[in-house]
Amino acid sequence: MDFSAIEKKWQTKWNADKTFNFDNKNLKNKEYILEMFSYPSGSRLHIGHLFNFTIPDSFAKYEIMKGKNVFHPMGFDAFGLPAENYALKTGIHPRESTNANMEYMEKQLNSAGLNYDWDCTLRTCEPTYYKWTQWLFLQLFKKGLAYQKFAPVNWCSSCNTVLANEQVVDGVCERCGTKIIKKNLTQWFFKITDYAEDLLAGLDKIDWPEKTKISQKNWIGKSVGSEVDFDLENGKKITVFTTRVDTIYGITYLVLAPEHPLVLEITTPENMEQVKKYIAETAKKDDITRQSTTLEKTGVFTGAYVIHPLTNKKVPVYIADYALATYATGAVMAVPAHDERDFAFAKKYGLDIITVIENSFGETVLPYTANGKLVNSDIFNGMASRSVKDKIIAHLEKLGKGNKKINYKLRDWSVSRQRYWGCPIPIIHCEHCGAVPVPEQDLPVILPETMEYKPDGRSPLAKNEKYINTFCPVCGRPAKRDPDTLDTFVCSSFYMLRYPCANNTKKIFDTDFVNQICPVDYYIGGMEHANGHLLYSRFITKVLHDLKYLNFDEPFKKLVHQGMILGPDGQKMSKSKGNVINPDDIIALYGADAVRLYLMFGFNYVDGGPWNDDGIKNCLKFLERVERIVETAFGYNKNLNPSKYDQAEKELDFASNFAIKEFEKNMQDFTFNSAVARIMEFVNSIYKYNLEAKINAKFMQEKIKDLLKILAPCAPHFAEELWQKIGNSTSIFASGFPKFEESKLIKEEIEIAIQINSKIVARQVVKANATNKEIEELAKTLVKDKLENKTIIKSIIIPSRLINFIVK
């Protein structure tokens, strides 16, 4: 078979006939299947993208054959650093390079037989899309969820832009690997912290991998504790948050984050120089490094003291980098006897260590961080630490020195970026009116076609006088546009809602229509997006729900993470290692269907694994084997032995129904390699049947039709071509998926193994309903000679599988 020719033939026909297009007039049986869209950077699609995209495409085709009205769109996450960095590298304007890459990637997707509904495609860099990104920003601004403040942010000196916390991995930029520094800038933030509790609660009602739910829970980081006030000598106070108020009597010092607003105010003149020096050194460190448990603890004494709220003793105040201004109050009550960091710090600087909790079951070895019995704790002595917290909080509340409090590690989402290739922020800054939103009727604010976009730490748009200078929509006086662009995660936070109404120019989406199609039924993409895109999409969906635009508040019902395809050497693919597999070359060599089949069969979808050329060669041979048996079966006269239905036919019937049933189960479980294995077993059964002295040709041909139908989602062009060759005029995808019959899965006869001392000595076909006694007697007769002069100690029967005689 000329695979290249038939692929072009069927892709052309499917597109012309709109074989796989969604029927938006009939939503009763809809199913929304979506993969995370890709970045159209210079690298284009690699084999890993095809792994992510082809298998869900096979699943979508299977669901279509099952009668589902499948909505399966695709677009491009076109703004952002990958595309801009490629443009800087090549000297080609990002719009030109991005458009060229999107066109090429679309061809790559089509060449693999991926049948997306291109009528609903999205490109986030087009004004028709980012108009709604800007509209979304304005809705958050009006609701008080978008705000601007001067704050320490993560700065990548290589990309010359701010990064959200979620874009910093192990202290470095996730894009380029440059070490992150802290920098104070005026930035726009989204108040995702207002939704921390909703984001946690929502995890219980969605079908997501447990590891992803745990990752988000840890990132949100809910802590139930209390706030305690410590008075300063100048009349002000320092408020700390703690989850261990039971250790309050063990406080021997307080720690402030170096960025805490009170630090310079309370620092004494003799300590000011070293405090300022320490603040400057800390600014060079990222939060991840500062929280490391292995790093040596450092700090500086401010010279200030606070008054302990319960003992009235003076407590020294230090600054230390392990306290973060971005978490809770930015102040820590240090209890060195019962906290490992505090213990190491106190040891280093010779501070007091007071034991206030003893081990109830043995020696108290410091630092002791478990529960126990309170000591040195005044009226609370002898009480259990686990149950005393509420009593201590109540005591503090009476004194006006504390209260219960819930805190979250989650920080507000920093959305300003000092780069060119992004969605302009729809805000105008007026000296008289402040930050003024661009009127909705004036959207989109068009990204200008500037060539001055090389990043230098200042927003490139600020250099474009024609763009930046405008007039205030409120007072009409001269004003300036916001010079930053939005984080591309804003663009991708709502795209799943825009797809169904991609061509709607009047609204972001039609609420009634989207409420029928969404949420997404199956969402497929990488685990690396757990605390970025996946969290942000949930947040934006909840906001739109609260604004009455949606009747649901979770965007994705079921989430599946795909694994990674590695190079043949077992390493991550990279050009420098020379182990990259180019899908264009592989498809040209073996055909799209062999590639699709190998990607399904050669890997566990959620794990991935190393590429193996032998694997794809074997899949090609398998398709050729299928072609031969189809041609053989339909070469027979269909009137050959039409009434024959003996044991051979029953066995093939069993194989057929078993394959259909298991294939369905495997597809629903996303165990695609097992689904293909069932097809291969079925083919073996057909070949076995073909060796019979007499065959029922019509029966065999019907089984071949079942084979082609279950093969169709996996190797669509190949199955469609053979389907036509055997006399069908309509598409195989319109023929419906075969149904299995449970009655055919009950065997009248089965083959069992006969063992002696666990070694197989014979095999025998027996009636499926034979009793254990009948099986034992038959087996004894068959291996009578092998049991001579031996004593049977016991007989072990495993139903439908074997009988084992234990002898001596």
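Good morning. I begin with the second largest pocket, which has a volume of about 1,100 Å³. The model before you is a predicted one. Lining this second largest pocket are 37 residues, and those closest to its centre are Gln291, Leu324, Tyr327, Arg341 and Lys409. Several elements supply at least two residues each to the lining: helix H7 (210-220), strand E9 (237-242), helix H10 (287-290), strand E13 (331-334) and helix H11 (340-349). The largest share comes from E13, with three residues. By class, the lining of the second largest pocket divides into 14 nonpolar, 14 polar and nine charged residues.

A search of the whole structure finds six cavities of 30 Å³ or more. The largest cavity holds about 200 Å³ of space. Which residues are closest to its centre? They are Gly80, Leu81, Arg417, Asp487 and Thr488, out of 19 residues that line the largest cavity. Two or more lining residues are given by each of helix H3 (81-90), strand E4 (161-163), strand E24 (485-486) and helix H14 (488-491). The lining of the largest cavity is made up of seven nonpolar, six polar and six charged residues.

Next, the packing of helices. Let me take helix H24 (residues 716-725), which packs against helix H20 (residues 613-633) at an angle of about 10°, with the axes 11 Å apart. H20 and H24 are therefore roughly parallel to each other. On the H20 side, the contact is made by Leu623, Val626, Glu627 and Val630; on the H24 side, by Phe718, Leu722 and Lys725.

From H1, the residues Phe3, Ile6, Glu7, Lys9, Trp10, Gln11 and Trp14 meet Pro716, His717, Phe718, Glu720, Glu721 and Gln724 of H24. The contact of H1 with H24 has six nonpolar, three polar and four charged residues. Phe718 of H24 takes part in the contact with H20 and also in the contact with H1.

A further helix pair is formed by helix H2 (residues 47-65) and helix H19 (residues 592-601), which pack at an angle of about 90° with their axes 9 Å apart. That angle makes H2 roughly perpendicular to H19. H2 brings Ile47, Leu50, Phe51, Thr54, Ile55, Asp57, Ser58 and Lys61 to the contact, and H19 brings Val595, Arg596, Leu599 and Met600. By class, there are seven nonpolar, two polar and three charged residues in the contact of H2 with H19.

Leaving aside residues up to four places away in sequence, tyrosine 687 touches Arg625, Arg628 and Ile629. Tyrosine 687 and alanine 633 lie 54 residues apart in sequence, and their C-alpha atoms are 9.9 Å apart in space.

On charged pairs, the structure holds 42 salt bridges. One of them joins lysine 205 and aspartate 553, whose closest N and O atoms are 2.8 Å apart. Lysine 205 lies in the loop between helix H6 (196-202) and H7, and aspartate 553 in the loop between helix H17 (533-546) and strand E26 (556-561), so the pair ties together parts that are 348 residues apart in sequence.

I close with the backbone. Most residues other than glycine have a negative phi, and most peptide bonds are trans. Proline 367 sits in the loop between strand E14 (357-358) and strand E15 (373-374). Another joins cysteine 518 and proline 519, with omega about 5°. Proline 519 is placed in the loop between helix H16 (511-517) and strand E25 (520-525). Finally, asparagine 641 has a phi near 50°, a positive value in a residue other than glycine. Asparagine 641 is in the loop between H20 and helix H21 (647-669). Thank you for your attention.

Note on methods. Residues are numbered from 1 along each chain as its sequence is written. This is a predicted model: local features need pLDDT of at least 70, side-chain atom pairs count only at pLDDT 80 or more; totals for chains, interfaces and linings use all residues. Side-chain values use heavy atoms; hydrogens and water are left out. On a 1 Å grid over the protein atoms alone, a cavity is a set of points where a 1.4 Å probe fits but cannot get out, and a pocket is an open set with protein on both sides within 12 Å along at least five of seven lines; lining residues have an atom within 4 Å of a point. Grid points are joined across faces, edges and corners, and a volume is the space filled by probe spheres set on the points. Helices (H or I, at least four residues) and strands (E, at least two) are DSSP runs, numbered from the N terminus. Ala, Val, Leu, Ile, Met, Phe, Trp, Tyr, Cys and Pro count as nonpolar, Asp, Glu, Lys and Arg as charged, and the others, Gly among them, as polar. Axes are lines fitted to C-alpha atoms, for helices over the stretch in contact, and angles run from 0 to 180 degrees between N-to-C directions. Angles under 35 degrees count as roughly parallel, over 145 as roughly antiparallel, 65 to 115 as roughly perpendicular and the rest as oblique. Contact means heavy atoms within 4.5 Å. A salt bridge is a side-chain nitrogen of Lys or Arg within 4 Å of a carboxyl oxygen of Asp or Glu.
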